[in-house]
Amino acid sequence: MQQRSGSTLKGAVTISLMTINVIAWCLVLFTVAIVKFVVPLGAWRRLLSRAMTALAEGWIGCNNAIFRVMGALPLAPRGLEGLSTREWYLVLSNHRSWVDILVLQAVFNRRIPFLKFFLKQQLIWVPFLGLAWWALDFPFMRRYTSAHLAKHPEDRGKDLQVTRRACEKFRLIPTSVMNFVEGTRFTPAKHAAFKSPYRNLLPPRAGGVSFVLSAMGGMLHSMLDVTIAYTGGTPTLWDLCCGRVSTVRVDVQRRPIEPWLSEGDYASDPAFRERFQSWLGGVWSDKDALLDRMSQ
C-alpha cells in the first residue's frame with residue numbers, strides 16, 4: 001500500500017506551526033511549574049498539577065487542530081465509547097513509529113486522563129519538551145546495560161525505584177499510564193533478531209507492566225488495549241507533517257484488570273511470572289490477529 005504524495009511545503013508549514021505551538025504552551029507551563037516547585041504545600045501542588053495537565057491538554061488540542069487544518073493525520077478510531085476522565089487506566093499499545101504518540105494523544109485527549117509515558121533518560125534534553133515532560137511528572141528511565149551492571153551492581157533495580165516513585169505520584173490524580181510493551185519500535189530486522197512468535201509484533205515485555213500494576217496497588221481497574229495500524233506503511237514524523245500519512249486505524253478494547261494481576265511478585269515468584277506472561281501473551285496473540293484483519 002502506498003502513502004499519500006503530500007508536499008514539502010506542507011511539511012515545512014506544519015512543523016513550523018507545531019514548533020510555535022509547543023513553545024507558546026511550554027512558556028506558560030514552565031511558569032506554573034516554577035510556582036509549584038517554590039510553594040511546598042501538598043494541596044497547592046495538586047491543584048497546580050491539575051492546572052498543568054489542563055495546559056498540556058490545550059497544547060495537544062492545538063496540535064490536533066493543526067493536523068485537521070493541514071489534513072495531516074486522518075484517523076479512523078473505534079472503541080472510544082464509555083471512557084472517562086475520572087478513572088485510572090493502563091494503556092497498552094503496539095509501537096511502530098514516533099507518530100504513534102501523536103496518534104494516541106489525538107485519539108484520547110480529553111476522553112481519558114492525560115497520558116503519562118515512561119521515557120528514556122536522554123529525552124529530558126529535548127528542547128522545551130524535555131522540561132515539559134519533567135514538569136508534568138513523566139517518569140524518566142535510565143536503562144543499564146549488562147556490562148554496566150557487572151561493574152556497578154549497586155545500580156541494579158534503580159529503574160524500578162524510579163517506576164515506584166512515579167506511580168506514587170500517579171495515585172494523587174486520575175492518570176492514564178501508557179506503556180509500549182514491546183519496548184522498542186517494530187522493524188523487520190528487530191522482528192527477526194528477537195525471533196518473534198507473532199507476525200506483526202515484537203514479543204511483549206511483561207516485567208514493566210507487572211511492576212506498574214503492583215506499584216499502583218489495585219488502583220488501575222481497566223486496561224485499554226490499543227492497536228494502531230497504518231494503511232500506507234509505517235510513517236516518520238516528517239511524513240506526517242508533509243501529509244503523506246494515509247488513514248490510521250486505531251482499535252481500542254477495554255479489558256478488566258483482574259485482582260491477581262496486581263497481587264503477585266513478578267521478580268521472585270516463578271509461578272506468578274509464568275502466569276502473567278501467559279496472560280500478556282494471550283493479549284498479544286489477539287492483537288496480532290487483529291492487525292492481520294486491520295491491514296486488509
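Val99, Asp100, Ile101, Leu102, Val103, Leu104, Gln105, Ala106, Val107 and Phe108 are the buried residues of helix 3. Here, buried means under 20% relative accessible area, with a 1.4 Å probe and protein chains only. Helix 3 covers residues 99-108, and because 10 of its 10 residues are buried, it is largely enclosed by the rest of the structure. Just after helix 3, look for Arg110, which has a positive phi of about 65°.

A word on what you are viewing: this is a predicted model, where local features need pLDDT of at least 70, side-chain atom pairs count only at pLDDT 80 or more, and totals for chains, interfaces and linings use all residues. Residues are numbered from 1 along each chain as its sequence is written, and side-chain values use heavy atoms, leaving out hydrogens and water.

Now step back to the whole protein chain. It has 10 helices and 8 strands, which are DSSP runs numbered from the N terminus (helices: H or I, at least four residues; strands: E, at least two). Its radius of gyration is 19 Å, close to the 19 Å from the globule rule for 296 residues, so the chain is as compact as a globular protein of that length. That radius is taken over C-alpha atoms, and the rule is 2.2 Å times the number of residues to the power 0.38. Along the principal axes, the C-alpha atoms fill a box of roughly 55 × 55 × 45 Å. Buried residues make up 47% of the 296 residues.

Finally, in the protein chain, 75% of the contacts with a separation of 6 or more join residues 24 or more positions apart; contact means heavy atoms within 4.5 Å.

Terms used: Buried < 20%, exposed > 50% of the residue type's maximum accessible area, 1.4 Å probe, protein only.
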